[in-house]
Amino acid sequence: MYGSVLTWSDNQGTPTTPQSSVDVPALFRRLGLNTDSAISGTYNGQWITSSSKDTLESYNPSTGDLLARVQVPTSEDVESTISAAKAAQLVLRKIPAPQRGHILRDIRTALAEHVDDLGMLITLEMGKVKSEGRGEVVEFLDVADIALGLSRQIGGVVLPSERNKHFMTEVANPLGVVGVISAFNFPIAVFGWNFSLAFICGNASIWKPAETTPLCAIATTRIITSVLEKHNLPGALCSLLVDGGNVGAKLVEDPRVDLISFTGSEARGRDVGMECAKKFKQTILELGGNNAGIVMADANISLALRNITFSALGTCGQRCTSNRRLFIQRPILESFTTSLVSAYESASKRIGLPEKEGTLIGPLHSARSVDAYLAAIEAVKAQGGRVLFGGRKLEESEYTDKAMRGGQWILPTICQFDNADVEIMKKETFAPILYVVPFDTLEEGIALNNGVEQGLSSVLYTQDISALFQWIGAEGSDCGIINVNGSTSGAEVGGRFGGNKSTGWGRESGGDAWKQYCRWASVTVNWSNEVGLAQGVTFD
């Protein structure tokens with residue numbers, strides 16, 4: 001992907017000398033990542049040295065440096081890993097949930113001891129700025145806290161029975177094996193959401209991370225499995241398979257995997273959902289998010305500007321919840337747009353190496369991401385849009401550090417259309433491109449928000465309580481996440497995270513998302529000596 005900017009020390013693919021200001025070798029040593037040769041990317045109770053000669057390469061998107069090479073599993077490795085996870089789950093399901101909570105507490109403690117190092121690894125491998133990288137690991141810790149509390153609360157309700165001397169209740173049992181297919185933009189947190197809830201409910205997990213962020217997965221797996229081993233539990237409860245879509249397809253196809261949690265594109269998610277449906281396999285799908293903000297004329301303008309700037313530029317526009325469409329009420333269109341451009345100009349002065357203090361915007365994750373960004377800009381121009389800011393790669397003269405020369409650097413972009421009926425606005429481009437369109441009434445703004453296939457996150461900026469309640473009600477936003485005077489991104493873990501429509505209807509993290517990781521049964525116990533029939537049926 002970045003081969004043109006790499007310097008290989010020999011034909012064995014030794015990682016390049018890091019240009020980053022971070023002491024990468026020391027960081028890797030602390031996380032147990034030995035890059036002297038290709039690292040194993042397969043764990044099923046032990047780290048497997050694959051017989052395959054194929055490897056994945058992990059690069060720093062800020063500099064183009066090769067960080068490490070990772071061995072990929074053979075088909076036999078995949079088979080043995082699924083078998084090991086299935087066997088491990090049979091052990092875990094016998095352990096009472098409160099005891100599973102004690103184990104998860106120790107896993108949380110171990111992760112917390114490495115929170116800064118894991119956060120920096122995210123910064124180096126994914127490209128997030130320091131606070132966002134660390135914050136992602138904190139998300140894992142926070143969901144582990146939720147799961148720990150659930151360990152003494154898992155269960156269903158007791159229901160009144162219409163039959164004399166009958167007892168009815170709902171029982172939540174472990175589901176089995178959960179396959180977690182995660183994306184590059186949250187290389188640790190999404191697995192953390194799934195693993196924490198799956199584990200507390202008595203399940204094993206098999207993690208298939210994004211091919212471009214394998215080191216985050218390997219380091220996290222090492223920490224988790226070290227705790228499992230201390231508790232004399234099979235490490236395969238947290239199995240790992242680092243490879244491409246072929247491994248994900250195997251997890252989807254295999255009947256021993258009971259649930260697939262997939263985070264990725266709508267197109268790939270549609271395939272996953274259809275294949276799972278053929279096998280009546282449960283899914284949690286977190287797909288595209290073409291998220292919108294609506295700015296009413298009565299909004300707190302300063303608050304709206306700060307929130308929009310963060311939600312559009314955070315993670316360089318590569319969050320599922322990034323603000324991509326912005327509808328501004330016509331009376332304030334010109335003034336608000338002018339202020340927004342000024343905010344982008346200011347923020348763009350703080351583009352730089354994400355590990356450095358003061359950096360607000362890091363790189364795009366890959367050359368492919370840059371190509372998609374540039375293609376979207378051309379589509380904007382072809383479809384009648386105007387580029388108000390950005391719309392190009394960052395020039396070398398604009399780099400704040402010479403190490404940036406090998407990275408994937410672009411300018412965040414604002415584009416304006418007269419109306420939203422343009423193709424480029426109907427699909428998600430995973431880059432910091434914000435489309436601005438005017439509107440007149442709240443009802444029109446809501447229709448614009450709802451007028452795309454995706455339905456993840458949305459926000460309304462207003463000080464009108466009537467508008468607020470219309471927005472969150474039946475005639476308001478059709479998204480899974482609805483905000484008022486906040487931002488489309490930065491959701492807390494306490495609520496269920498997920499979207500509607502082609503976003504996939506999946507729910508993860510807080511709320512009652514844990515229920516998806518259970519095998520549910522409605523249980524009736526007859527403690528009389530009579531045959532009890534409901535609905536007045538007799539059979540004498």
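Me: Which residues of α10 meet which residues of α11?

Reply: From helix α10 (residues 301–313), the residues I301, A304, L305, I308, T309, A312 and L313 meet F336, S339, L340, A343, Y344 and A347 of α11. A contact here means heavy atoms within 4.5 Å, and helices (H or I, at least four residues) and strands (E, at least two) are DSSP runs, numbered from the N terminus. This is a predicted model, in which local features need pLDDT of at least 70 and side-chain atom pairs count only at pLDDT 80 or more, while totals for chains, interfaces and linings use all residues. Residues are numbered from 1 along each chain as its sequence is written, and side-chain values use heavy atoms, with hydrogens and water left out.

Me: Why is α10 called oblique to α11?

Reply: Helix α10 packs against helix α11 (residues 333–348) at about 50°, and their axes are 10 Å apart. That angle makes the pair oblique, the class left over once angles under 35 degrees are taken as roughly parallel, over 145 as roughly antiparallel and 65 to 115 as roughly perpendicular. The axes are lines fitted to C-alpha atoms, for helices over the stretch in contact, and the angles run from 0 to 180 degrees between N-to-C directions. The crossing of α10 and α11 is right-handed; that is the word for a near helix turned clockwise from the far one by less than a right angle, with anticlockwise giving left-handed.

Me: And what makes α14 and α15 roughly parallel to each other?

Reply: Helices α14 (residues 442–450) and α15 (residues 465–472) have their axes 11 Å apart and pack at about 30°, and therefore they count as roughly parallel. L442, E443, I446 and N449 of α14 make the contact with A467, Q470 and W471 of α15. Here too, α14 passes α15 in a right-handed crossing.

Me: Staying with α15, why is F469 called exposed?

Reply: F469, which lies in α15, has a relative accessible area of 53%, so it counts as exposed. The scale takes buried as under 20%, exposed as over 50% and partly exposed as in between (1.4 Å probe, protein chains only).

Me: How do you know that the length of α2 agrees with its residue count?

Reply: The 18 residues of α2 (residues 75–92) should span 26 Å at 1.5 Å a residue, and the end C-alpha atoms are 26 Å apart, so the two agree. The expected span is 1.5 Å times one less than the number of residues.

Me: Which residues of α2 are buried, and why are they said to line one face?

Reply: They are D77, V78, T81, I82, A85, A88, Q89 and L92. Seen down the axis, these residues fall within an arc of 135°, so they line one face of α2; the arc is taken from the directions that run from the helix axis to the C-beta atoms. S75 and E76, on the other side of α2, are exposed.

Me: What puts the buried residues of α8 on the same side?

Reply: In α8 (residues 245–253), V247, G248, L251 and V252 are buried. Their arc around the axis is only 145°, which puts them on the same side of α8. Among the elements covering them are α2, β9 (238–241) and α9 (266–278).

Me: Why is α2 called oblique to α8?

Reply: The axes of α2 and α8 are 11 Å apart, and the packing angle is about 40°. That angle makes α2 oblique to α8. V78, E79 and I82 of α2 meet V247, K250 and L251 of α8, and the crossing is right-handed.

Me: What makes S239 buried?

Reply: S239, in strand β9, has 0% relative accessibility and therefore counts as buried. Setting aside neighbours within four places in sequence, its contacts include Y43, T81, A85 and W207.

Me: Why does R319 count as buried?

Reply: Its relative accessible area is 11%, so R319 is buried, although its place is in the loop between α10 and β13 (323–329). Beyond residues up to four places away in sequence, R319 touches residues including E132, F310, R324, E428 and S489.
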